[in-house]
Amino acid sequence: MKGYEVVMGLEVHAELSTKTKIFCACANKFGGAPNTHVCPVCTAMPGALPVFNRRVLEYAVRLGLALNCDITRCSKFDRKNYFYPDLPAAYQISQLYAPICKNGCMEIALEDGGTKTIGIHQIHMEADAGKLIHDPANEQTYVDYNRSCVPLLEIVSEPDFSSAAQVIAYLTKLRETLLYLGICDCKMQEGSIRADVNLSVRRPGEALGVRAEMKNLNSFKAIARAIEYEAARQIEVLEKGGTLVQETRRWDDNKGRSYPMRSKENANDYRYFPEPDLLPMQIDDQWIEGIRGSLPELAHEKRARYIKDFGLSEFEAGIITAHKNISDLFEEIARQSGQALESARLVTGEIMRMMNNTGILPEDLSLDAGKLAYLVKLVIEGKINRNSYKDALNAVFTRNVQPADYVKEKGYIIVNDTNAVAQAIEAVIAENPNAVTDYKSGIQKAFGFLMGQVMQKLKGAGNPGAVKAALTEVLGS
Amino acid sequence: MKIDKALIDYLEELSCLSLSEEEKIRLTGDLESILAAMDKLNELDTVGFQERNHPFDGVNSFREDIVLPSLERELVLQNAPQRNAEAFVVPKTVE
């Protein structure tokens, strides 16, 4: 980029999937009717006092441990003051002076096959704000406080990114980690994970440039586009001899450009002070070690295990672990069928194809592992052929049929019963004396015809290898 | 710290207040005496005392993650200066 390098840091907000909000017992649920999950605490009625949800602290420590952070033994909350109608108390309870996690790191894979370590500056806990719905018709704004006090973790990286691809790799792995830890559902379209990008440009070796913070980035694609746009914009300003101002810019994905946000010019003076309504947290080693011991296996650990223990390829292991729902499904099919390799083939083949064709997202995938395992066993044991297997899988995907009934109805079970095969051959020979004569006089074509007749008698359920061998034997005698 | 007009104007904006000139002059005096009281406190010898995070002793006051009924919406909105059937209504906020 004309001799410039891009320097970026990320602030990611993840909504935690606790049952209740961070400071009150209202349900933490997306999509309820407006203002039905609210109480005096999350609407900041006078005199209401917050009480901290223990599960939020536990989830924060889980993520901190997974991202190699130091856990702050004496952590506390602070008050961040600003006026905006989505914030009924006119302050947000957050953490500034003693955030729960500090000094972590995450290793990301680079496109050239190498790796890079991204520093995690801190992770802190805070309360989400409410939702504003603007009505352009009458110049009014409606406020819904269902989201007010939903627990958030803000994950602040060091300014260690130099390309959009690195940012996406980091976000992908962070999302994967949050999902495997079971602490966030990571539905970007519902805003349960949101990323702000701080970006500046500089000539190599120079001090950091003036940064812009980009907000309203609602998809990985939007993030990549916004980064390209903002880097080009800043370089253009500098190339024309202009100066950059530190600002917050809002990305408009439809127009493919960003606009400065003017509303909060003084908003960076948040006048933080220690939150008087909440006691500090004291976290001992025993508690931390308890959480460490209960951490689930993470995606990269699963990948290594699948390759080592099941003999999967790196490619297959990568597809299966890309989302927790998929790896959970794979493990369940493999466990019930006892056939890890065939289960992996099913997940990376037919199931991926079905998801692509129907547009089902991994987070919405719900298949009956038991039914699929049943079919995997049948095909591995040679009781149905590959074509029948695919058809039966499809019937499970689309109509959720009972596979045992389905394969029986369809006559898919291969007959290995030598008596049945012998009887069919005997009947076919009796009914087609001409073809038998042709075959015996050296016309090979006749064999195919007879074979077809036998398979028909067995209703397609004959094992072709076995039938061929038996027929050859009978005709040769 | 000196309380001057520029600082009062800044605080006015941060606090979303709209003050008359008269109020600003009065506030300048009030804030100066508040700061003087704080300076007085700073004269105390605190050597040997540990810094505290909170005026109360005690740590770890937690709640279990169990849902309790929320407030009925009609009650929530009852005292709102402006509302519709399901939400608080505020003047248009520009982003």
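1. How many bridges pair strand 8 of chain A with strand 11 of chain A, and in which sense? Strand 8 and strand 11 (residues 151-157) of chain A are joined over seven bridges in the antiparallel sense. Ile120(A) has Ser157(A) in strand 11 of chain A as its bridge partner. Two strands count as paired if DSSP finds at least two bridges between them. Strands (E, at least two residues) and helices (H or I, at least four) are DSSP runs, numbered from the N terminus.

2. On the basis of the note: this is a predicted model, in which local features need pLDDT of at least 70 and side-chain atom pairs count only at pLDDT 80 or more, while totals for chains, interfaces and linings use all residues. Residues are numbered from 1 along each chain as its sequence is written, chains are lettered from A and ligands numbered from 1 in the order in which they are written, and side-chain values use heavy atoms, with hydrogens and water left out.

3. Strand 8 (residues 115-127) of chain A also pairs with strand 7 (residues 101-109) of chain A, antiparallel and through eight bridges. Within this pair, Cys105(A) has Gly119(A) of strand 8 as its bridge partner. The two strands form a hairpin with five residues between them. In the turn, Gly113(A) has a positive phi of about 95 degrees.

4. Four bridges link strand 10 (residues 140-144) of chain A to strand 2 of chain B in the antiparallel sense. Thr141(A) has Val90(B) as its bridge partner in strand 2 of chain B.

5. Another open sheet of three strands, in chain A, has the order 6-5-16 and antiparallel pairing. Its edges are strand 6 (91-94) and strand 16 (273-274) of chain A; each has a single partner strand, so one side of each is left without a neighbour in the sheet. Strand 5 (residues 78-81) and strand 16 of chain A run antiparallel and are joined by two bridges. Asp78(A) is opposite Pro274(A) of strand 16 of chain A.

6. The axes of helix 1 (residues 54-66) and helix 2 (residues 164-181) of chain A come within 11 Å and cross at roughly 130 degrees. Helix 1 of chain A is therefore oblique to helix 2 of chain A. Oblique covers what is left after roughly parallel (under 35 degrees), roughly antiparallel (over 145) and roughly perpendicular (65 to 115). Axes are lines fitted to C-alpha atoms, for helices over the stretch in contact, and angles run from 0 to 180 degrees between N-to-C directions. Contact (heavy atoms within 4.5 Å) is made by Arg62(A), Leu63(A) and Ala66(A) of helix 1 of chain A and by Thr177(A), Leu178(A) and Leu181(A) of helix 2 of chain A.

7. Helix 13 (residues 433-440) and helix 14 (residues 445-457) of chain A have axes that come within 8 Å and cross at roughly 140 degrees. Residues in this contact include Val436(A) and Tyr439(A) of helix 13 of chain A and Phe447(A) and Leu450(A) of helix 14 of chain A.
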